[in-house]
Amino acid sequence: MRSVTGRLMLLDTASLYFRAYFGVPDSVRAPDGSPVNAVRGLLDFIDRLVKDHHPDDLVACMDADWRPAWRVELIPSYKAHRVAEERPSGPDEEEVPDTLSPQVPVIEAVLDAVGIARVGVPAYEADDVIGTFTARARGPVDIVTGDRDLYQLVDDARGVRVLYPLKGVGTLQITDEAVLREKYGVDGAGYADLALLRGDPSDGLPGVPGVGEKTAAKLLAEFGDLAGILAAVDDPKARLTPTQRKRLTEAHPYLAVAPKVVRVADDVPLPEVDTALPRTPRDPDAVRELAARWGLGGSLERLLATLAR
């Protein structure tokens, strides 16, 4: 990957096309009647993001494996409630709405034809791809996601922020460290510890029983980080209530493995890819064919016009 020194925008693609699917009516259909609401909604999202935030580089980050075995081995409940079908080899099948699944290959084909870099890496989630691109970037980074897990990457010193959609992508929460401190009492580096302490039912993370978000924030404010909290558990003089000490002691097996599960990887073997914002389509013929086949109309035309500026 070439050195990225301009503004890099990283899309948590699945998060965005899920939002598009639920935010755009399924009456938006291709000429053959197939729903294309997620496809057109995502194209509209990207168009708006490029117009409003002017990235120099853009990557659509993908879930090559939405539930990596190495995470499940550490915490078996990780995303278990979202498994539609277990597979003996390869990633388990995720529960996805019936009319969304067929749209994902169309999204991938359109991104490829337009020339927007699309990166997924076997055995890793999109979050890990985002984490690695962020670690390697030499300039500012905008991460676009509806997943708060990525708040852990926010870093004012490096210009890393999360653009969190509140309504579509027209209304975004520009999440920097000031926002995190106001909402959660931690900065970006502390968010992963906060998340693993409180748990996250949507990801199957149990957390420490009885330790919610406010208690987790207080513990981190008092002891600095997870390592400091665990050291306090072993220190009779540390200012922990008997109940907190008991709960943290009982949760030690979980706390020993949770950091590797919750923290995004920053050492994913990324492929060589040109991340530069495309000004002209990579494959104009494929763009025309996809536009006609799927009735992508104004959504694709607007994006191409924005990219050409």
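**Reading a covered helix and a pocket**

User: What covers the buried residues of α5?

Analyst: Elements covering them include β1 (8–12), β2 (57–61), α3 (69–74), β5 (117–119), β6 (141–144) and β7 (160–167). Covering is read from contact (heavy atoms within 4.5 Å). Helices (H or I, at least four residues) and strands (E, at least two) are DSSP runs numbered from the N terminus. This is a predicted model, where local features need pLDDT of at least 70 and side-chain atom pairs pLDDT 80 or more, while totals for chains, interfaces and linings use all residues. Residues are numbered from 1 along each chain as its sequence is written, and side-chain values use heavy atoms, without hydrogens and water.

User: How many residues of α5 are buried?

Analyst: Buried means under 20% relative accessible area (1.4 Å probe, protein chains only). In helix α5 (residues 126–136), nine of the 11 residues are buried: A126, D127, D128, V129, I130, G131, T132, F133 and T134.

User: Which residues lie nearest the centre of the largest pocket?

Analyst: Rolling a water-sized probe over the atoms shows where empty space is left. A pocket is an open set of points on a 1 Å grid over the protein atoms alone, where a 1.4 Å probe fits, with protein on both sides within 12 Å along at least five of seven lines; lining residues have an atom within 4 Å of a point. Here R82, G146, D147, S202 and D203 lie nearest the centre, among 24 lining residues. The pocket holds about 600 Å³, the space filled by probe spheres set on its points, joined across faces, edges and corners.

User: Which helix gives the most to that lining?

Analyst: That is α1, with four residues; α1 (13–23) and α7 (188–198) each supply at least two.

Conventions. Buried < 20%, exposed > 50% of the residue type's maximum accessible area, 1.4 Å probe, protein only.
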